[in-house]
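Subject: Structure handover

Hi,

Here is the structure I promised to pass on. Please open it beside this email, and read my notes after it.

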Amino acid sequence: MRNEVMRNEVWIVADCKTYGGIESHLLQLMLGLKALKISVRLVLVAEYSPPSPLVEKVKRHQLEYSYISQLASGNIGLQGLRYAVTKYQPILLHSHGYKASILCKLTRLLTGLPQISTYHAGETPKGKVWIYDFIDRFSTFLSSRSFAVSKPIQDKLWGKSIRFNNFVSCVDLEVGNTNRIAFVGRLSEEKAPERFLALANQFPSQEFDCFGAGPLLDKLKSLKPSNLSLHGHVSDPERIWNKTKIVVICSKFEGLPMVALEAMSKKCIVVCTAVGDLPSLIENGENGFIGNSKALPQLLNQALELNEEELKTLQNKAFNTVFKHYSPHVIVPKVVQQYQKAIGQGDSQFENL
């Protein structure tokens with residue numbers, strides 16, 4: 001537990017083991033709240049060994065974090081969170097992921113503390129996770145507010161919700177000199193990494209990099225061509241971007257993927273399938289390339305054939321799209337407005353807004 005826990009903090013509650021889109025969103029949200037001078041703390045449901053890479057990033061940015069067990073004298077789960085809320089009196093709980101969301105909703109019922117859930121995942125999980133996911137979506141009405149990061153995700157919730165764009169910070173940096181093509185994400189059915197493998201087969205003179213782990217990894221290993229490198233899970237995606245020219249998102253289902261926003265904010269070209277909210281982000285041929293799965297080879301070829309001037313123009317348009325519509329300075333104040341409504345207008349913590 002870092003530093004003394006203060007009253008009137010916003011607690012961002014999550015269950016984080018690896019580092020992916022949700023964890024990237026959490027970091028951006030916390031940095032955005034801190035920039036607005038709002039006290040914020042990451043509260044982790046469980047402590048894993050090794051710790052989630054998010055913990056190191058939170059420490060690096062001098063943000064506050066704690067585990068429920070640390071806040072609750074060793075207690076965990078619902079008992080632990082209820083104990084911690086009663087003892088430290090945060091101003092609001094903002095949960096991410098089905099486990100944290102269910103836990104925080106029950107805590108709200110027991111304590112009356114305002115609670116918000118953000119829904120990030122739109123795919124339908126399998127097995128036991130399906131049950132938890134169903135309970136989380138069915139109980140949307142128990143939250144003070146519910147946020148969804150895309151229209152398809154919003155449509156699957158059983159109750160009223162507010163749609164907010166995902167967001168990433170934008171720093172206008174010099175683009176690296178590279179021609180490499182990357183897939184960045186979980187190697188699972190909904191992400192369709194086999195389509196990326198097919199592209200590598202169709203473009204044998206290009207270098208393809210696959211960053212991610214998941215249930216389809218072994219299958220990809222057995223089928224991959226020599227121009228496709230499998231790098232496994234990367235805990236720090238920042239080191240990917242300056243080595244990448246094109247990011248391919250070949251998913252069967254998406255919300256609004258953080259990888260698309262992160263790639264565009266780093267002036268990488270996005271080539272993607274028209275799923276989730278990607279059609280609202282990408283204008284084909286203007287700030288990226290988008291179409292159905294069968295069009296991916298054609299779209300990739302168009303991206304590779306851009307001359308230097310066309311490439312620079314597209315990269316700048318991609319960056320400006322994210323800066324104007326998907327950056328923290330645009331989205332986080334709107335989130336805070338919903339915090340105000342959840343806790344009651346005029347609370348002293350938010351008077352500066």
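Where does Ser188 lie? Ser188 sits in the loop that runs between S8 and H8. Please keep in mind that this is a predicted model.

Is Ser188 buried or exposed? The cut-off for buried is under 20% relative accessible area. Ser188 has 4% relative accessibility, so it counts as buried. Its side chain makes a polar contact of 2.8 Å with the side chain of Glu190. Set aside the neighbours within four places in sequence, and Ser188 is in contact with Pro193, Pro215 and Leu216.

Next, helix H8. It covers residues 193-202. Pro193, one of the contacts of Ser188, is also among the buried residues of H8. Look down the axis of H8: the buried residues fall within an arc of 155°, so they line one face of the helix.

What covers these buried residues? The cover includes four strands: S8 (181-184), S9 (208-211), S10 (228-232) and S11 (246-249). It also includes helix H9 (217-223) and helix H13 (296-304).

Six strands make an open sheet, in the order S10-S9-S8-S11-S12-S13. The pairing is parallel. S10 and strand S13 (289-291) stand at the edges. Each has a single partner strand, so one side of each has no neighbour in the sheet. From one strand to the next, the twist averages 20°.

Within this sheet, S8 and S9 pair in the parallel sense over four bridges. Take Ala182: its bridge partner in S9 is Asp209. Helix H11 (residues 258-265) packs on the sheet. H11 touches S8, S11 and strand S12 (269-273). The direction of H11 makes about 165° with that of S11.

There is another open sheet to look at. Seven strands form it, in the order S3-S2-S1-S4-S5-S6-S7, with parallel pairing. Which strands stand at its edges? They are strand S3 (64-67) and strand S7 (162-163). Each has a single partner strand, so one side of each is left without a neighbour in the sheet.

Strand S5 (residues 115-119) and strand S6 (residues 145-148) run parallel, joined by four bridges. Tyr119 has Ala148 as its bridge partner in S6.

Best wishes

Terms used: Residues are numbered from 1 along each chain as its sequence is written. This is a predicted model: local features need pLDDT of at least 70, side-chain atom pairs count only at pLDDT 80 or more; totals for chains, interfaces and linings use all residues. Side-chain values use heavy atoms; hydrogens and water are left out. Buried means under 20% relative accessible area, exposed over 50%, partly exposed in between (1.4 Å probe, protein chains only). Helices (H or I, at least four residues) and strands (E, at least two) are DSSP runs, numbered from the N terminus. The arc is that of the directions from the helix axis to the C-beta atoms. Contact means heavy atoms within 4.5 Å. Two strands pair if DSSP finds at least two bridges between them. Axes are lines fitted to C-alpha atoms, for helices over the stretch in contact, and angles run from 0 to 180 degrees between N-to-C directions. A polar contact is a pair of N or O atoms within 3.5 Å; within protein, one must be able to donate a hydrogen and the other to accept it, and residues adjacent in sequence count only if both atoms are side-chain atoms.
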